[in-house]
Amino acid sequence: MQHNVSIRDTVAAIATPPGSGGVGIVRLSGPQSRAVGHRLFRSSRPTFEDFRPYMLHHGWALDERGEPLDECLAVFMPGPGSYTAEDVVEFQCHGGPAVVRAVLAAVLACGVRAAGPGEFTYRAFINGRLDLTQAEAVAEMIAAPTRAGMTLAQTRLSGALGERIAELRSRLEHLRAQLCVAVDFPEDEVECLAPDEFSVGVREVADAVRALIANFERGRCWREGALTVLAGQVNAGKSSLMNALLGRERAIVTDIPGTTRDYLEEAVNLDGLPVRLVDTAGIRETEDAVERAGLERSRDMAERADLVLLVVDRTRPVAAEDIGLAQRLGPQRVLAVLNKSDLAEGHAHEEGDATGAGWFVRAGFETVRVSARTGAGLDRLCDRIRERVVGSGGEPDAGEVVPNLRQSQALSQALDELCALDADIAAGIPYDLLGVRLEAACTILGEITGEIAPADVLNSIFSTFCIGK
Ligand SMILES: Nc1nc2c(c(=O)[nH]1)N(C=O)[C@@H](CNc1ccc(C(=O)N[C@@H](CCC(=O)O)C(=O)O)cc1)CN2
Ligand SMILES: Nc1nc2c(ncn2[C@@H]2O[C@H](COP(=O)(O)OP(=O)(O)OP(=O)(O)O)[C@@H](O)[C@H]2O)c(=O)[nH]1
Ligand SMILES: [Mg+2]
């Protein structure tokens, strides 16, 4: 949305998702909300004169000519005690697309403007009800695929990150004030910080910034889902395993080697951990141009993966390509899945076998035995994927402050300034020149919370919101 639009007017949008549902909400915000709401609502109580704040009124939503559209509940929330801090009215209608569209059309016919994406939350931000980290958390709450992602968003929505950043910024401002004293009153030794004390102050803030950046990395898999790629020889059973983990027949499975030509991605929820599971084309020598292009993509996917499930057919010797892939990625990012365990009974390629799966064990790779056909070992495989992706950190705690990508990138920039500043102090650069870096770090922190908010930053944030939020 364009953030040069007025926020003095009244806007409206359908607040519930497209399609049909139990209830559909049309929401208005701005100075005309109450009057328009009043005009388009007929209470079922003959004594009704006006909305009572925060009370649900039963009645009918009308069109602009006064014709009834739908039986509904309506509520008026006076500013500043509302989501946007402006007067808000909601029509809670039957949840059909035609119903909510008709009610919205009636509202717009009364001179209300259609809200842009994220405009309600943008207004909450501009009106000081939410800082920028909280506004972003609203979008992340909506996007959260699982409970853990929801917890991360909730903590940020409470303002915890904003408060932490504001605190760090005020510590830097304090250091800056002491620098000014040193520069403006050089003969006054009293309030002036010695270079090593100054350096300690800067490093403390830098450490706190580093800790927040580390939380970003840890939180990433809970927010976006860990990229888990099934790789290995043709016919090893990658697509069968994909289907078994999804619990449905998503990928085509045949006994013809080279069945999967392009990669397939599906989301799975492993006991709360969102996982992006990718099936790829099996590895083999080929002259076929299409298959080669598919293999190229498999390789790219494996390189980008958080975890590669290297699927091997236990009834066959381990292929040189599999060993090559494992060595390239290393034991940290590879889990060797020894598939077709149902067939492997009494087979030669046990852990001790020089050519078999034993190679993985000896080279320090974790192995898990499964049968995609019978389902044996799949629970354990899921546990191991979870453990490997999440690491020792476990699920995020309710109180953990985890920045998003934008915030973490800004924190890295601030950290660069602070590290350079520390080096400048050590190099004996004069105090009046150090102030520039301190100021830069403060500005960056201010952009995270939105105290300093360039229009392009706001545009890029709110344009990703859905309409009605
Ligand atoms: N129907 C409905 N459900 C919704 C929302 C909404 O706008 N409408 N929300 C949003 O999209 C979320 C809730 N967020 C909200 C946050 C603050 C206020 C609010 O009115 N706050 C007042 C206190 C109200 C009171 O005193 O009872 C305030 O903080 O001053 C409302 C919704 C989720 N559910
Ligand atoms: N007995 C047995 N057969 C399996 C198992 N997993 C897969 N298969 C069979 O192995 C053959 C190949 O399975 P796919 O899942 O298509 O193998 P893929 O690795 O996806 O193969 P490409 O797509 O060609 O790379 C099919 O006939 C499967 O039914 C298993 O655990 N046990
Ligand atoms: Mg396949």
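Select helices α7 and α13: the two are roughly antiparallel to each other, because their angle is over 145 degrees. This is a predicted model, in which local features need pLDDT of at least 70, side-chain atom pairs count only at pLDDT 80 or more, and totals for chains, interfaces and linings use all residues. Residues are numbered from 1 along each chain as its sequence is written, while chains are lettered from A and ligands numbered from 1 in the order in which they are written.

Helix α7 covers residues 195-224 and helix α13 residues 405-426; helices are DSSP runs of H or I with at least four residues, numbered from the N terminus. Their packing angle is about 155° and their axes lie 9 Å apart, with axes fitted to C-alpha atoms over the stretch in contact and angles running from 0 to 180 degrees between N-to-C directions.

Next, show the side chains where the helices meet. Among them are F198, V202 and F216 in α7, and L411, L415 and I425 in α13; contact requires C-beta atoms, placed from the backbone, within 7 Å. By class, this contact has 17 nonpolar, three polar and three charged residues (Ala, Val, Leu, Ile, Met, Phe, Trp, Tyr, Cys and Pro are nonpolar, Asp, Glu, Lys and Arg charged, the others, Gly among them, polar).

Move to ligand 1. Select I25, Y54, M77, G81, S82, Y83 and E90, the residues around this ligand (C-beta, placed from the backbone, within 6 Å). Four are nonpolar, two polar and one charged.

Finish at ligand 2, which 23 residues surround, the closest being G237, S239, S240, T260 and G282. Helix α8 (residues 238-246) gives the most to this shell, with three residues. The shell has seven nonpolar, 11 polar and five charged residues.

Methods:
Angles under 35 degrees count as roughly parallel, over 145 as roughly antiparallel, 65 to 115 as roughly perpendicular and the rest as oblique. Two residues are in contact if their C-beta atoms, placed from the backbone, lie within 7 Å.
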